[in-house]
Amino acid sequence: MPRPVTIFTGQWADLPIEEMAAMTADFGYDGIELACWGDHFEVDKALAEDDYCEKKHALLAKHNLQCHAISAHLVGQAVLDNIDERHKAILPEYVWGDGKPEGVNERAIEELKNTARAAQKFGVEVVNGFTGSSIWHLLYSFPPVPPSMIDAGFDLLAERFNPILDVFGECGVRFALEVHPTEIAFDIYTAQRALEALDNRPEFGFNFDPSHLIWQGIDPVQFIRMFPDRIYHVHIKDAIVTLDGRTGINASHLNFGDSRRGWDFRSPGRGGVNFEEIIRALNEIEYQGPLSIEWEDSGMERTFGAREACEFTKKLDFSPSNRAFDAAFDDEND
């Protein structure tokens, strides 16, 4: 059977969830991946109000929408990050508090634990998100970075995430890190090291998103083949490299949508990601979860893009063959 095609609501949280659900159905999607911000999925209300999850399910059922995952990217970012003024804009007020870094980290940890509890109550088994990173700023090793400083970053992952994952395990929910620049794992080798730091515990895996790999020069298919049992969720998102002799891969402190950048996100099918090979690789590992479109394209009107992306992904997906193509020539079948 085709995998369900869903849309992630993180970039649509300016809209009320009632409006977003109706639009999602109208675009042709099978389901919706609810962001834990705006009014799309509110962790505190899900735990405090007896009928919150029931009402959310009723809303989705009204529009014939499935939900396979909720996403806690913003609060997850504050678990390992060195907190500064940027985080105030992405965190709930009760997590930001007085803004003192240690307290923000602690409250983000508790919020991520509560997200696992809310996911269990809501009836989904995957929470997608970020971890943040205390060592991302050390990416370019000058002044020279001693290995001990990098070791400390992964030690902090273990220190802060193991208690979080204990709660995920108790709730029967898995955490899927979206491997991404600014996270503790941003490519294949750092993803491998993150798993090792957490003793390969099953509660921790990945939300595979090819758009964050391709511009780094990483073949997204190799990521799937490296971690076949850790792909807990999949984002369909595209990106394109636009190096022209002036543009740089580090993007020159220019924001998304600026043509002077060396790479940018694109609507699925309009960038450089080879989705054909990704579907084949997902078939190889027998991934049966949703294909969730995270739509970002600064150069395209979003409702047009979201509808086109749904059509593109549904046409793209296919099931693997259950027989060899040349089985008809087998003498035993004569």
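Predicted model: local features only at pLDDT ≥ 70, side-chain atom pairs only at ≥ 80, totals over all residues.
Start at valine 5, which sits across from leucine 291 of strand 10. Strand 1 (residues 5-8) and strand 10 (residues 291-293) run parallel and are joined by three bridges. On the other flank, strand 1 pairs with strand 2 (residues 31-35), again in the parallel sense and over three bridges. There, threonine 6 stands opposite glycine 31 of strand 2.

What about the side chains of strand 1? In a regular strand, side chains alternate between the two faces of the sheet. Here Val5 and Ile7 point one way, while Thr6 and Phe8 point the other way. All four are buried.

Eight strands close up in the order 1-2-3-4-5-6-7-10, with parallel pairing. Going from one strand to the next, the twist averages 30°. Helix 1 packs on this sheet and touches both strand 1 and strand 2. Its direction makes about 150° with that of strand 2.

On to the helices. Two packed helices are described by the angle between their axes and the distance between the axes. Here is how two such pairs look:

| Helix pair | Axes come within | Crossing angle |
|---|---|---|
| Helix 1 (residues 17-27) and helix 3 (residues 52-62) | 9 Å | roughly 30° |
| Helix 6 (residues 101-122) and helix 7 (residues 147-171) | 8 Å | roughly 15° |

Take helix 1 and helix 3 to begin with. Their axes cross at roughly 30°, and angles under 35 degrees count as roughly parallel, so that is the label for helix 1 and helix 3. The crossing of these two helices is right-handed. Helix 1 brings Ile17, Glu18 and Ala21 to the contact, and helix 3 brings Lys56, Leu59 and Lys62. Sorted by class, that contact has three nonpolar and three charged residues, with no polar ones.

Next, helix 6 and helix 7. Their crossing angle of roughly 15° makes this pair roughly parallel too. Helix 6 passes helix 7 in a right-handed crossing. From helix 6, the contact uses Asn105, Ile109, Leu112, Lys113, Ala116, Arg117 and Gln120. From helix 7 come Arg160, Phe161, Pro163, Ile164, Val167, Phe168, Glu170 and Cys171. The residues of this contact split into nine nonpolar, two polar and four charged.

Where is glutamate 125? It lies in the loop between helix 6 and strand 4 (126-129). Is glutamate 125 buried or exposed? It counts as exposed, because its relative accessibility is 52% and the cut-off for exposed is over 50%. Even so, glutamate 125 has partners from elsewhere in the sequence: leaving out residues up to four places away, it touches His68, Gly172, Val173 and Arg174. With arginine 174, the C-alpha to C-alpha distance is 6.1 Å, although glutamate 125 and arginine 174 are 49 residues apart in sequence.

Technical notes
Residues numbered from 1 in each chain as written. Heavy atoms only, no water. Axes fitted to C-alpha atoms, helices over the stretch in contact; angles between N-to-C directions. Parallel < 35°, antiparallel > 145°, perpendicular 65-115°, else oblique. Left-handed = near helix turned anticlockwise from the far one by under 90°. Contact = heavy atoms within 4.5 Å. Nonpolar A, V, L, I, M, F, W, Y, C, P; charged D, E, K, R; others polar. Buried < 20%, exposed > 50% of the residue type's maximum accessible area, 1.4 Å probe, protein only. Pairing = 2+ DSSP bridges.
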